Amino acid sequence: NPEIYLLTADLIGAHPQECVAVEDSSVGIESAIGAGMRVIMVRNRYDRTKENRHATWAMENLEQLTPSFLERHVLCIP
């Protein structure tokens with residue numbers, strides 16, 4: 001259900017298409033996509049092989065979510 005993502009975007013005054021969700025579960029990824037957001041998938045420690053072709057980006061851990069990653073990949077997309 002994308003409702004939590006839509007509510008959050010509304011609370012911060014942003015359109016969902018302007019938001020990026022960070023998720024480690026397939027259900028969360030699908031919810032964020034259902035809300036119209038781009039998604040950074042972080043593989044979780046229980047399933048390092050999990051793939052989700054619907055996520056916009058994938059990373060091994062949150063340490064990879066750096067300011068330079070955001071500048072190169074997220075902020076450059078209109």
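What follows covers the nonpolar cores, an aromatic pair and a salt bridge.

This is a predicted model: local features need pLDDT of at least 70, side-chain atom pairs count only at pLDDT 80 or more, and totals for chains, interfaces and linings use all residues. Residues are numbered from 1 along each chain as its sequence is written, and side-chain values use heavy atoms, without hydrogens or water.

Start with the largest nonpolar core, which has 11 residues, including Tyr-5, Ile-29, Met-37 and Val-39. Such a core is a set of buried Ala, Val, Leu, Ile, Met, Phe, Trp, Tyr and Cys residues joined through side-chain atoms within 4.5 Å. Buried means under 20% relative accessible area, exposed over 50%, partly exposed in between (1.4 Å probe, protein chains only). Helix 1 (3-12), helix 2 (26-34) and strand 2 (38-42) each give two or more residues to this core. Helices (H or I, at least four residues) and strands (E, at least two) are DSSP runs, numbered from the N terminus. Apart from this core lies another, of 6 residues, among them Ile-40, Val-42, Met-59 and Val-74.

Now the rings. The structure holds 1 aromatic pair. Trp-57 and Phe-69 have ring centres 6.2 Å apart and planes at 80°, so the pair is edge-to-face. The cut-offs: centres within 6.5 Å, with the six-membered ring taken for Trp; planes under 30 degrees apart count as stacked, over 60 as edge-to-face, the rest as tilted. Trp-57 sits in strand 3 and Phe-69 in helix 3, 12 residues apart. Both are buried.

Last, charge. The whole structure has 1 salt bridge (a side-chain nitrogen of Lys or Arg within 4 Å of a carboxyl oxygen of Asp or Glu). Arg-43 pairs with Glu-60, the closest N and O atoms being 2.8 Å apart. Arg-43 is buried at 10% relative accessible area, while Glu-60 is partly exposed at 32%.
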